[in-house]
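Here are my notes for you, as promised. Have the model open while you read, and click on each residue as it comes up.

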Amino acid sequence: MQYLTIQDTCKLLNISRTTLWRLLNQKVITSHNLRGRKIIQRVELNKLFVNE
């Protein structure tokens, strides 16, 4: 499984850190804590672009 940092996620989605934090707080994207750092599974980002 591939994990991304906050910075990597912002670059990949071309959004600001503020926007990413807003999405995390709204539970649009879920994250995990690893040694005090937030990480995001790449699979979570793929869910944003899939219409089911």
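1. One term before we start: "contact" here means heavy atoms within 4.5 Å. Keep in mind that this is a predicted model, where local features need pLDDT of at least 70, side-chain atom pairs count only at pLDDT 80 or more, and totals for chains, interfaces and linings use all residues. Residues are numbered from 1 along each chain as its sequence is written, and side-chain values use heavy atoms, with hydrogens and water left out.

2. Start with Thr 9, which sits in helix 1. (Helices are DSSP runs of H or I with at least four residues, strands are runs of E with at least two, and both are numbered from the N terminus.) Is Thr 9 buried or exposed? It's buried, because its relative accessible area is 0%; the cut-offs are under 20% for buried, over 50% for exposed and partly exposed in between, using a 1.4 Å probe and protein chains only. Apart from neighbours within four places in sequence, Thr 9 touches Leu 4, Leu 20, Ile 40 and Leu 45.

3. Now hop over to Leu 20, in helix 2. With a relative accessible area of 0%, Leu 20 is buried. Again skipping neighbours within four places, its contacts are Ile 6, Thr 9, Cys 10, Ile 15, Ile 29 and Ile 40. For a sense of distance, the C-alpha atoms of Leu 20 and Thr 5 are separated by 11 Å, and these two are 15 residues apart along the chain.

4. Which residues make up the largest nonpolar core? There are 8 of them: Leu 4, Ile 6, Cys 10, Leu 20, Leu 24, Ile 29, Ile 40 and Leu 45. Helix 1 and helix 2 each bring at least two residues to this core. (A nonpolar core is a set of buried Ala, Val, Leu, Ile, Met, Phe, Trp, Tyr and Cys residues joined through side-chain atoms within 4.5 Å.) In soluble globular proteins, nonpolar side chains tend to be buried together.

5. Leaving out neighbours within four places in sequence, Ile 6 is in contact with Arg 17, Leu 20, Trp 21, Leu 24, Lys 38 and Ile 40.

6. Finally, check two loops. Asn 14 lies between helix 1 (6-13) and helix 2 (17-25), and has a positive phi of about 60° although it is not a glycine. Asn 14 counts as exposed because its relative accessibility is 70%. Lys 27, in the loop between helix 2 and strand 2 (32-34), has a positive phi as well, near 65°. Lys 27 is exposed, at 66% relative accessible area.
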